[in-house]
Amino acid sequence: MKLNSLTLLIGLILLGNQLANAQQYSFGVFADPQLSWFNSDTKRYDPNGPVVGLNIGFTADKFFAKRYAFSSGLSVNALGGNIRLMQSTYTLKTIDGTYNIAIGDNIKFKSQYLTLPIGFKFRTNQIGYTTYFANVGVSGSLRIRSYAWNETNHVDRETTKTDMAWGFASYQIGIGGEYSLGGESAILFGITWCDGLTRIIELPNSTITSQSLSLKVGIIF
């Protein structure tokens, strides 16, 4: 009985040491160029093309095993798109004025968000100088500021007041690689797809969400 207890104790100590050694942190910075656009659940509003933006921030991974990690970070994320009115007019309100948008007109929106992703990262063993990975997760984004454009009313990058939601949730799927520079440092590259779970624009009788495709570019320290 004492021998079994001793064996169990030794086993728990060895397991604890292995877990402690496996738990490590990895930090990096990135600047991801991306395309973003809107998706509509109604014919009232027609998604009318993407806009170019940049997602800049840092990543933080906590490995709970050799090739598996909890992944998070924080970024300033520029998202938007074009939307065309198909069945009804709309009143666009900015800090510079109020504009009546006619049927058939296009509005371009672009906003900056503070984005916090949470997810899992799965890595392969190193192949040559490169380790490949996949990550999945969800994100919460809080609006910092937003702008609108409309050619008909000569609206050019005016700050909006009520059109964009204060925040939204999304999910993301990404693949990529880490090219070793020696030690723990590496060049980070990949692509990430994001799809909105909640509305991003407060247009009536609709749910307008955001979608984006970004090119991952960064450095791990």
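**The largest cavity and its surroundings**

Modeller: The largest cavity is lined by 41 residues, and those nearest its centre are Pro117, Asn135, Gln172, Thr192 and Lys216. Please keep in mind that the model is predicted. A search of the whole structure finds one cavity of 30 Å³ or more, and the space in the largest cavity amounts to about 530 Å³. Rolling a probe the size of a water molecule over the atoms shows where empty space is left.

Two or more lining residues come from each of β1, β3 (51-65), β4 (68-85), β7 (106-123), β8 (130-150), β10, β11 and β12 (208-220). The largest share, seven residues, is given by β4. Sorted by class, the lining of the largest cavity holds 15 nonpolar, 21 polar and five charged residues.

The largest pocket may be considered next. About 420 Å³ of space lies in this pocket. Its lining has 20 residues, of which Arg123, Gln126, Thr131, Glu178 and Glu184 are the closest to the centre. Strands β1 (24-40), β10 (167-182) and β11 (185-196) each supply at least two residues of the pocket lining, and β1 gives the largest share, three residues. By class, the pocket lining divides into six nonpolar, nine polar and five charged residues.

Serine 36 is located in strand β1. Its relative accessible area is 0%, and therefore serine 36 is buried. Leaving aside residues up to four places away in sequence, serine 36 touches Pro50, Val51, Ala78, Leu79, Gly80, Gly81, Gln211 and Ser212. Serine 36 and glycine 49 are 13 residues apart in sequence, and their C-alpha atoms are 8.6 Å apart in space. Serine 170, in turn, is located in strand β10. Serine 170 counts as buried because its relative accessibility is 6%, where the cut-off for buried is under 20%. With residues up to four places away in sequence again left out, serine 170 touches Val138, Ser139, Asp195, Gly196 and Leu197.

The account now turns to the nonpolar core. The largest nonpolar core has 20 residues, and those with the most contacts inside it are Ile83, Leu92, Ile107, Phe109 and Ile201. At least two residues of this core come from each of β4, β5, β6 and β7. Isoleucine 107 touches Gly81, Asn82, Ile83, Tyr90, Leu92, Ile101, Ala148 and Trp149, when residues up to four places away in sequence are not counted.

Strand β5 (residues 90-94) shows how side chains can alternate along a strand. A hairpin through two residues joins β5 to β6. Strand β6 (residues 97-101) pairs with β5 in the antiparallel sense, over five bridges. Within this pair, lysine 93 stands opposite threonine 98 in β6.

Definitions and conventions: Residues are numbered from 1 along each chain as its sequence is written. This is a predicted model: local features need pLDDT of at least 70, side-chain atom pairs count only at pLDDT 80 or more; totals for chains, interfaces and linings use all residues. Side-chain values use heavy atoms; hydrogens and water are left out. On a 1 Å grid over the protein atoms alone, a cavity is a set of points where a 1.4 Å probe fits but cannot get out, and a pocket is an open set with protein on both sides within 12 Å along at least five of seven lines; lining residues have an atom within 4 Å of a point. Grid points are joined across faces, edges and corners, and a volume is the space filled by probe spheres set on the points. Helices (H or I, at least four residues) and strands (E, at least two) are DSSP runs, numbered from the N terminus. Ala, Val, Leu, Ile, Met, Phe, Trp, Tyr, Cys and Pro count as nonpolar, Asp, Glu, Lys and Arg as charged, and the others, Gly among them, as polar. Buried means under 20% relative accessible area, exposed over 50%, partly exposed in between (1.4 Å probe, protein chains only). Contact means heavy atoms within 4.5 Å. Two strands pair if DSSP finds at least two bridges between them. A nonpolar core is a set of buried Ala, Val, Leu, Ile, Met, Phe, Trp, Tyr and Cys residues joined through side-chain atoms within 4.5 Å.
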